[in-house]
Amino acid sequence: MKFDPFHQIFAPPTFKDDYGIVIAKFLNAILVTLISVISLLLVYRLLTGGSLINPPEQILSVIILINIVLLIFARRGYVFQTSIVLVFAMWAAMTYQAWIADGVYDLAVVTYIIIVLMTSVLTNWRLTMLVTIMSILSVWGMSIFHVNVPPDFHVDEPMGIARDLTVVYILAFLLIYYLVSTLRASMEKSSMEFKERILTEQSMREQGERFRRIFHVSPVAISITTLKDGKLVEANNAYWKLTGLDPRTSIGRTMVDLGIWANEAERQKFVEKLTERKSLHNSAYEFLNRNGERRVTIAFYELIELGAEPTILSMFHDATEQQAIQTALQESEKKYRNFVEQSIEGIWLLAFDRPIQTSLPPEEQTMLIYKHAYIAECNDALARMYGYNSSEEIRGARLLDFEKGGEIDKVNFQATLKLVKDGYRSGSRETREVTRNGETVYFLNNAVGIVKDGFLEGVWGTQLDITALKKAEEALRRSESRARALLDAIPDMIFELKRDGTIIHFIPSAMSEPLIPPEKFIGKTIAQVLPSLADQTAFAIDRALASGQLSAFEYKLTRDGEVRTYEARITPAGPDLVLAMVRDVSLTKWAESEREKLIDELEAKNAELERFTYTVSHDLKSPLITIRGFLGFIREDAERGNLQRLNTDIQRISDATNKMQRLLNELLELSRVGRLTNKPAYIPMNVLLSDVLELLQGRIALGKIKVRIEEGLPTVYGDRQRISEVFQNLIDNAAKFMGEQPEPCIEIGVQGEMDGRPIFFVRDNGIGIAPEYKDRIFGLFDKLDSQTEGTGIGLALVKRIIEFHGGRIWVESELGKGATFLFTLPTQPIPER
């Protein structure tokens, strides 16, 4: 401890930076070394005969004093200044020593090297260069001076030279040693610091990576903004989700631009407050994010340094769901409290004289419940259900008191047994009990048991008086039965539709079914189910809702390959609801159509009958007149005995009767068409025509007529005999009206289709038919040439047969160019109407 003042004097000063400490230590070592070595040298000189009045000893004394003074100044922190004074003092002392002694031959010149090394270590390169140049100039100056003025050499003793060289070597060694040691220590320290820096940087990178991961995956919304201008530097995913901002367009923009702050003035007030307190906490507040969502957050703000720049670390805890839950809990608690106080349901707690063991059989537990249960707690609503005024009057009542006659009702026993089997947690149990006045009432119960350590200690429950509901259900059941019976009797399908055509309900009909199952159209619009009816239905719905009146329309749909007609009647059932009653009126429409057809047919038949009556009376009258006339001739011939003329007259009467017979037979045949039919079958047309030509072979051969029949004619379906008659009449007519044609020809074939049926034709090159007679030729007894044979019924018969088979017949002809009769016949059975 007694050496502390001395230690404090020679101890090096301390600095904040490592370089200052190294220089101070080095300067301190040099000064201490110089003081020690020069002091020893001075003592040695004095002991070996030297004196303080000699210049060398004086210079050494001055150097020691200067070094002591410099050491004190260096201790006070003037390292750089002390270094400069030391360097230049040493250089001046050595130069003076060399000048007064042997000049360039003096050992003092050698110390220039030591001084240059000291300068390079203690100062900068500029001073080092200056000292080096001064040393060189000093050496050359003394050399030039000694060239002009030879020095007065004096030879020192060998021991003196050895002594001075020893001092120089010691100083050089110490200087180099201190320099190398300092450099080694500095390098070792730098190496350690470099390693530590690498480890620190690696640790910082790892911490930064961990921070980055935590930063981005944190559920707390975090953002970093600059304090000065409020620019957004970084934010995590939770922040983008909370605010609804887009990171691609938000980074680098100010919080005012992003709308976080209304204006810069408000932000500056916040910045001043944060700068003063360093951290801020903001209680929950609401805001609208960019997505229009209302969010509630709790905000925390910290002032931090990021890259030597003050920044704001903002953390936002999204409390939206938490507040919503809290609000919901508060509302629920409020509702529950109001429910208990004002509930129309009876709320009760059953307690027991003693706990009931839950491991017992369910039936035994049920019996024990009825035996030991009583009402421990309840509300006024429960009391009123049993005819009491308040809960005070009913508390303590036994459970059996509410059973009629004190006997357990079977319905109630099963309801309680269900509660036991369901683990004392059961709902919607119906019970039948009696009130204070003996009136039977019905309740709907929900209950949960209080079970502890295997024993039932109580049961909480609620019940609703459903007596009126039960009565209403019974009335409704009877009403529904009547309504169901009524609906079953109605042939309509009933649809309930919204204004937009959405089908929300369907009532089927006993007589008709929808095109698709109800589950495929309930909940869908008419446009989705039947697009073709969308516009018509929408118009009817709008009309019905606007007028409040019934709106009806008809439409057609194909079902099972058959086009059916439906009638829809739309009637309003509410502001935006209508009822659509749909009925299949296909049969009605068919009946109406058939009626119209029958009426038309009847009118045509009546007209035909009139013509028939007239024609028959006319055509039958002619042979009768002939018979009557020739009967008179026969009498005359008989009286005169003219047998030859008698035979002639008898023949004419016979011809007249034959004509009348043919006429009557053809009329009878015509009446049978459509009334008496043969069994229909598939008829190969080429085979049928071969048979027909066999029957007409005499007529064809007589007229030398060439008949061409197209190969591969289609097979038709119908009455073979009647269709044969069609071709017989048409071919016979063609042969009959050939005229003077030199090469008579008849062609039979098929010419396209009409309504899916082949069009047959019978074409001749005879006299043809004038245009004005085309419609008359199919009339009854219409003969274009009265001189020709026949009755005029043939084409009428053909027309009747074709129409009976559902076909159509017409003629194409020009006078003198032949005629073509065209008609259609079915290839498949005609569906029955």
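Residues are numbered from 1 along each chain as its sequence is written, and side-chain values use heavy atoms, without hydrogens and water. Because the model is predicted, local features need pLDDT of at least 70 and side-chain atom pairs count only at pLDDT 80 or more, whereas totals for chains, interfaces and linings use all residues.

The protein contains 23 helices and 22 strands (DSSP runs numbered from the N terminus; helices are H or I with at least four residues, strands are E with at least two). Of its 833 residues, 36% count as buried (under 20% relative accessible area, with exposed over 50% and partly exposed in between; 1.4 Å probe, protein chains only). Among contacts (heavy atoms within 4.5 Å) with a separation of 6 or more, 56% are between residues 24 or more positions apart.

The largest nonpolar core has 37 residues; such a core is a set of buried Ala, Val, Leu, Ile, Met, Phe, Trp, Tyr and Cys residues joined through side-chain atoms within 4.5 Å. At least two residues each come from α20 (685-695), α22 (720-736), β19 (745-754), β20 (757-764), α23 (794-804), β21 (809-813) and β22 (819-824). Helix α22 gives the largest share, seven residues. Residues with the most contacts inside this core include Phe727, Ile746 and Phe823. Beyond four places in sequence, Ile746 touches, among others, Ile705, Val707, Ile731, Met738 and Val762. A second, separate core has 36 residues, including Ile35, Leu41, Ala74 and Ile114.

The axes of helix α4 (residues 79-100) and helix α5 (residues 111-122) come within 10 Å and cross at roughly 170°. Axes are lines fitted to C-alpha atoms, for helices over the stretch in contact, with angles from 0 to 180 degrees between N-to-C directions. The two helices are therefore roughly antiparallel (over 145 degrees). Residues of α4 in this contact include Phe80, Leu86, Trp91 and Met94, and those of α5 include Tyr112, Ile115 and Leu122. By class, the contact has ten nonpolar, four polar and no charged residues; Ala, Val, Leu, Ile, Met, Phe, Trp, Tyr, Cys and Pro count as nonpolar, Asp, Glu, Lys and Arg as charged, and the others as polar.

His372 lies in helix α12 (residues 362-372). Its relative accessibility is 9%, so His372 counts as buried.

Methods:
Parallel < 35°, antiparallel > 145°, perpendicular 65-115°, else oblique.
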